[in-house]
Every structure is written in structure tokens, then in C-alpha cells.
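Please consult the structure below while reading.

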Amino acid sequence: MQSIPVSIEAGAVSGLAQWFHTPLGAYLLQHEFAWFDTEVSDVFGFNALQVGLPEFDFLRANRMPLHACLGVDGPVRVRADACEMPFSSGGVDLVVLPHALEFSHNPHQLLREVQRVLRPEGRVVISAFNPWSLWGLARVARARSERYPWCGQFVALPRIKDWLALLGFEVAAGRMTAYVPPCRGERWLARCGFMEAAGDRWWPFAGGVYFLHGVKRVNGVRLITPRWRMASSRRRLLSPVPQRITQRDGACHRRHAAD
């Protein structure tokens with residue numbers, strides 16, 4: 001496969017990876033690993049795909065035999081544009097999108113490609129920055145900044161849910177994190193740590209980052225059970241049911257026996 005020229009997405013991946021090494025980025029990365037590890041650990045199949053951020057392994061807790069990272073730059077296994085994935089339809093069991101939507105030139109098309117390559121009942125796990133949060137306000141204040149992650153196009157959670165619903169995905173799980181203000185220093189992050197627990201209770205919609213776990217649903221698909229289960233079910237349905245014998249039935253039985 002020929003290399004695709006480096007586009008704006010390649011710079012976004014590289015710059016965002018560098019930002020994750022800052023105190024604020026490392027704080028967020030710890031929460032993101034915890035979410036991805038929980039959500040992908042029990043997803044089974046053969047092929048798992050990560051889109052973007054090849055410097056970090058968000059599939060580390062998954063036990064599928066094949067893991068691949070797709071991107072246009074960096075230590076990726078598949079070098080390609082995420083909006084034109086070089087995979088056959090229905091050949092992937094799990095796709096993770098760690099902040100791939102905010103730095104894509106066409107996030108809706110990216111989700112369409114994810115829907116195409118996933119098999120029925122396949123899973124997609126998403127993390128994205130929330131514009132309706134203190135982090136979103138910081139991005140507005142830095143509207144002309146070219147630094148990461150503030151240069152990304154933060155997509156609102158309701159819009160992502162609408163896109164997923166239109167593409168036939170059902171949201172199986174989701175949550176928010178990073179309720180602390182986007183402080184640069186470790187000392188301020190430690191002082192504001194109490195806001196994480198308070199945010200889940202008092203303002204659950206205002207986390208700096210949201211997570212979604214979607215399942216691809218296909219109408220008309222049903223689970224075919226093994227034949228031995230069906231045979232066992234029939235045997236249970238045809239098993240004899242003991243009946244109560246009344247005194248009158250007993251007398252009739254003795255009279256017929258005497259005759």
C-alpha cells in the first residue's frame with residue numbers, strides 16, 4: 001500500500017501526543033487509560049483497530065489476536081487516511097477512537113468508515129473533548145491558538161450521539177471525566193482533585209472529556225444457537241408431568257383391574 005501524503009491530521013496526532021506528556025495531559029491520560037481498559041477488556045473477536053495516537057496503546061487490555069493502529073504518521077501499523085480505511089466491510093470486531101474525531105477533517109465520514117468496517121454487533125469506543133465544560137471555555141479563550149488540544153474542533157456529545165444513531169449504533173455505556181479546570185501545574189491539579197467526585201454528582205454534563213461505547217446493530221440479525229441446545233429444550237418440554245390421582249380415579253382403576 002502506498003504512503004498517503006501527510007495531512008493536517010498527522011500534525012494533530014503528533015502534537016496531541018506531545019501534549020499528553022505535560023502535567024495536564026498526563027492527568028487526563030491516566031483517566032482515559034482506566035476507561036479504555038475497562039471497556040475493551042471484555043470485547044472478544046479477532047481484529048481490533050486503534051485510530052490515531054499510535055504513541056499510546058489504548059488496546060493494551062484487549063485479548064484479541066490482532067491489534068493494529070491506523071494513521072498517516074508516526075509508529076502506525078497501517079498508514080492510511082482514517083476517512084478511507086483500506087479494510088473490507090465487516091472485517092473488524094473493535095475500533096477505538098481516542099480523540100480522533102476532534103482532529104479529523106471530516107468526523108462524520110470517519111464514523112461512517114467505522115460503521116462500514118465493523119461487523120454486526122461490533123464495538124466502537126470513543127473519547128472526545130467536551131465543548132460544554134471548563135475545557136471548552138478554555139478553548140474559546142484560546143480561539144486563535146495553534147496549541148494542542150485547543151486547536152481541535154470539539155464536537156458536542158448530543159451531536160455524536162445523533163451521528164451514532166443515524167449510523168445504526170446503540171450506545172451501551174458512557175461517562176465523563178476531567179471536571180477539574182485545565183490548569184497547567186501539578187499543584188493546582190492536586191488542589192482541584194475533589195472536583196472529580198463532586199462533578200459526577202452535581203454537574204455530570206460538564207466533564208472536560210466524554211467517553212462513549214457503541215454497538216453496531218443490524219436489523220434482521222439473530223443469534224443461531226447450537227442444535228444440541230434446541231434438542232435439550234425439546235426434551236424438557238416433552239418430559240412427563242406427574243398428575244394427582246383422586247379417590248374416584250383410584251376406585252375406577254381397582255375395578256378395571258379386578259375385571
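A salt bridge is taken here as a side-chain nitrogen of Lys or Arg within 4 Å of a carboxyl oxygen of Asp or Glu. The model is predicted: local features need pLDDT of at least 70, side-chain atom pairs count only at pLDDT 80 or more, and totals for chains, interfaces and linings use all residues. Residues are numbered from 1 along each chain as its sequence is written, and side-chain values use heavy atoms, with hydrogens and water left out.

**Salt bridges**

| Pair | N to O distance |
|---|---|
| Asp-37 and Arg-60 | 2.8 Å |
| Glu-121 and Arg-217 | 2.3 Å |
| Arg-217 and Glu-170 | 2.9 Å |

Asp-37 and Arg-60 form a salt bridge. This pair links helix α2 to the loop between β1 (47–51) and β2 (66–71), across 23 residues. Helices (H or I, at least four residues) and strands (E, at least two) are DSSP runs, numbered from the N terminus. Asp-37 is buried at 18% relative accessible area, whereas Arg-60 is partly exposed at 49%; buried means under 20%, exposed over 50% and partly exposed in between (1.4 Å probe, protein chains only).

Arg-217 forms a salt bridge with Glu-170. Arg-217 lies in the loop between β7 and α8 and Glu-170 in strand β6, so the pair ties together parts 47 residues apart in sequence. Through shared partners, salt bridges join Glu-121, Glu-170 and Arg-217 into one network. Glu-121 is partly exposed at 30%, as are Arg-217 at 37% and Glu-170 at 40%.

**The sheet**

Seven strands form an open sheet of mixed pairing, in the order β3-β2-β1-β4-β5-β7-β6. Strands β3 (78–79) and β6 (169–177) each have a single partner, so one side of each lacks a neighbour in the sheet. Two strands pair if DSSP finds at least two bridges between them. Strand β5 (residues 118–129) runs antiparallel to β7, joined by seven bridges; Ile-126 has Leu-212 as its bridge partner, and Ser-127 has Phe-211.

**Tyr-210**

Tyr-210 belongs to strand β7 (residues 209–216) and is buried, with a relative accessible area of 1%. Contacts (heavy atoms within 4.5 Å) beyond four places in sequence include Ile-126, Phe-129, Leu-157 and Met-176. The C-alpha atoms of Tyr-210 and Phe-129 are 6.4 Å apart, although 81 residues separate the two in sequence.
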